[in-house]
Amino acid sequence: MAIRSARGVAVDEILTTDICVIGSGAAGITLARCLDGSNTRVIMLEAGGLKRDLEAEADSFHIEQVGDWVSNPIEERGRWLGGSTNLWFGRIALPDAIDFAERPWVPKSGWPIELSELDKWYPKAASILEVPHFDSFDLSTWPMNETISAFAGGHVELQPFLWSGAQDMGKVAKPLLERSRNVMTLTDAAAQELIVDESSRVDGVRVVGPGGRTFVVRASQFVLAAGGIENPRLLLASNERFEAGIGNQHGNVGRYYLDHPRGEGHGRIDLRGLTQKQRDAIAFLDERVDGPFGTTQLRLVFPEVMQRSEELLNHSLHGYLVCDEQTSAGFGSYKRLRGHLGGSGLNNGQDLLRDLVEMGRHAPELARLATGRATPTKFVVVDQMEHEPDRESRMTVDHRNLDRFGLPRVSLDWRIGESTRRSQHRMHELFRDAIEDIGITSFSSDVLDSSDEVELIDMKHPSGMTRMSVSAADGVVDPDCRVHGIDNLFVAGSSTFPTSGHFNPTLLIVALAVRLARHLSELQRTSGRSTLRQQEQSLPASPH
Ligand SMILES: Cc1cc2nc3c(=O)[nH]c(=O)nc-3n(C[C@H](O)[C@H](O)[C@H](O)COP(=O)(O)OP(=O)(O)OC[C@H]3O[C@@H](n4cnc5c(N)ncnc54)[C@H](O)[C@@H]3O)c2cc1C
């Protein structure tokens with residue numbers, strides 16, 4: 001079926017298929033990979049092309065901030081084949097059992113499915129993301145040192161971050177998508193609106209192609225896999241039959257916005273004056289070790305029993321070592337240049353020149369870094385936190401203000417409650433106590449030492465705005481990820497998470513997409529719809 005550009009689709013043309021997947025990021029590509037080779041015809045729509053288009057991305061993904069949220073990097077979402085996995089760091093973390101549990105001290109907590117239900121989908125998800133040893137990490141294999149023992153025997157637990165080998169899912173899946181018999185990937189095809197018929201089924205999706213030409217894809221099932229912000233945006237944008245948007249009969253679409261508040265540098269250890277043994281001891285929280293479980297890094301988390309007894313949110317702490325040389329303007333220039341060469345495409349000619357000059361001025365420091373002669377002077381703490389679902393933490397869309405693809409623009413009001421800050425405070429206390437036990441007293445924490453609120457930024461993990469629930473009154477999708485009240489519309493991605501713990505979301509997104517693919521195949525089979533005949537799938541003419 002191959003990968004085609006929507007350039008070849010005529011105005012008002014109607015393409016027909018069995019399943020239409022909207023979005024080709026982690027969730028969409030997983031669905032395509034799982035459905036590939038079956039008798040089900042699939043069209044996967046991708047708003048972007050095969051390469052990044054910064055202008056279209058800036059226009060369509062721009063978000064208006066509401067409230068006192070200070071940083072706005074959430075706009076950084078990938079809008080081309082592979083989605084945000086073109087930009088992600090590949091860090092993998094597993095949810096804890098408590099993340100799925102109903103916790104009396106966390107309003108609106110509790111997933112309608114058990115975490116153990118996902119056990120059977122994780123192995124496939126881990127193979128797609130190339131994390132072979134995702135469930136077998138064994139702390140005793142880690143090169144132990146004094147601090148690890150201090151932490152391991154103390155009040156906090158140690159858990160690993162793992163790394164995905166599939167850094168860019170679009171690139172990895174491209175050969176498979178190109179030769180797929182039954183999955184057609186249609187790029188430059190931005191879904192604009194879902195069309196619902198009088199029996200409350202989605203009949204088609206209106207798509208905007210190059211030059212603003214619109215056409216329609218009809219299917220028996222539709223999956224929104226457009227990302228944590230675009231999924232609710234499309235539901236709200238589709239207001240022809242239901243004024244408030246699809247699945248929004250209880251006003252839940254776009255509410256309960258979650259991310260992972262990240263604190264960087266709120267805690268610091270001055271390493272000067274420490275013994276080598278003490279330095280080595282703290283360095284493990286910065287260390288990525290290549291071993292039997294691939295690349296791993298340790299972080300500190302609250303044990304479940306402590307979360308319960310002290311009514312804390314889930315929270316993880318790790319960090320990194322910094323040399324004085326890394327704080328120079330020359331190092332900043334080097335990082336920008338490296339990003340540019342790596343394909344971020346974010347620098348213009350003037351910036352490049354300025355960065356080169358700056359690097360020249362700081363050549364001695366850069367040389368010391370490059371040759372390993374720079375000594376770390378500081379350990380910087382990174383907090384990766386959970387926040388509780390809050391109905392007022394939400395996005396809205398403005399139907400009078402459209403982007404170039406005809407989608408209403410988004411405003412986002414991110415609310416982080418007191419329990420996140422209380423949990424961060426407790427983690428810093430425990431960290432300070434643990435390192436004092438091995439004689440390190442140079443930890444300073446803005447969280448502990450000041451009454452001012454520290455600045456938290458998001459981690460580009462938008463979640464929660466089409467949350468999973470048993471009843472329509474409490475959420476947007478049911479435990480099968482089907483939109484309440486709409487028989488043939490499903491959602492894949494972190495927008496379905498009712499709570500999001502502190503874990504990096506993509507492995508869970510992929511596991512849920514594997515599960516959804518199985519469910520859709522089953523529905524196709526039982527409805528007798530999977531009757532693929534090659535010629536039935538309409539093919540646009542324009543290959544890439
Ligand atoms: C800089 C950065 C670093 C990250 N690091 C990590 C990490 O280390 N670990 C981790 O677990 N997660 C990380 N993430 C998050 C991770 O990338 C996402 O969790 C994951 O990609 C989400 O998958 P998705 O398929 O739901 O959405 P996406 O991957 O964002 O894909 C959505 C796709 O849908 C397309 N689309 C959007 N709207 C439409 C439309 N109207 N019509 C058609 N197509 C549309 C988009 O163009 C995009 O290709 C990071 C994200 C960023 C930005």
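**Briefing: strands, helices and ligand shell**

In strand β17, V382 is the bridge partner of H318. This pairing belongs to a predicted model.

**Antiparallel strands**
- Strand β17 covers residues 376-385 and runs antiparallel to β16, to which 9 bridges join it.
- Strand β16 (residues 315-323) is also joined to strand β15 (residues 294-301), here by 2 bridges, and these two strands run antiparallel as well.
- L300 has L317 of β16 standing opposite.

**The parallel sheet**
- An open sheet is built from 6 strands with parallel pairing, and its order is β1-β8-β4-β3-β12-β21.
- At its edges lie β1 (3-5) and β21 (489-491), each of which pairs on one side only.
- On average, neighbouring strands of this sheet are turned by 20° against each other, direction ignored.
- Within the sheet order, β8 stands between β1 and β4.
- Strand β4 (residues 42-45) and strand β8 (residues 183-187) run parallel and are joined by 4 bridges.
- L45 has L186 in β8 as its bridge partner.
- In a regular strand, side chains alternate between the two faces of the sheet.

**The helix pair α1 and α6**
- Two packed helices are described by the angle between their axes and by the distance between the axes.
- Helix α6 spans residues 169-179 and packs with α1 at an angle of about 25°, the axes being 11 Å apart.
- Angles under 35 degrees count as roughly parallel, and α1 and α6 are therefore roughly parallel to each other.
- Their crossing is left-handed.
- From α1, the residues A26, I29, A32 and R33 take part in the contact, and from α6 they are M169, G170, A173, L176 and L177.
- By class, this contact of α1 with α6 holds 7 nonpolar residues, 1 polar and 1 charged.

**Around the ligand**
- The ligand is surrounded by 38 residues, and the closest are G23, G25, G83, G493 and N504.
- At least two residues of this shell come from each of α1 (26-35), β9 (190-196), α7 (230-237) and α15 (506-526).
- Helix α1, which also packs with α6, gives the most to the shell, with 3 residues.
- The shell residues divide by class into 15 nonpolar, 16 polar and 7 charged.

Technical notes: Residues are numbered from 1 along each chain as its sequence is written. This is a predicted model: local features need pLDDT of at least 70, side-chain atom pairs count only at pLDDT 80 or more; totals for chains, interfaces and linings use all residues. A residue is near a molecule or strand if its C-beta atom, placed from the backbone, lies within 6 Å of it. Ala, Val, Leu, Ile, Met, Phe, Trp, Tyr, Cys and Pro count as nonpolar, Asp, Glu, Lys and Arg as charged, and the others, Gly among them, as polar. Two strands pair if DSSP finds at least two bridges between them. Axes are lines fitted to C-alpha atoms, for helices over the stretch in contact, and angles run from 0 to 180 degrees between N-to-C directions. Angles under 35 degrees count as roughly parallel, over 145 as roughly antiparallel, 65 to 115 as roughly perpendicular and the rest as oblique. A crossing is left-handed if the near helix is turned anticlockwise from the far one by less than a right angle, and right-handed if clockwise. Two residues are in contact if their C-beta atoms, placed from the backbone, lie within 7 Å.
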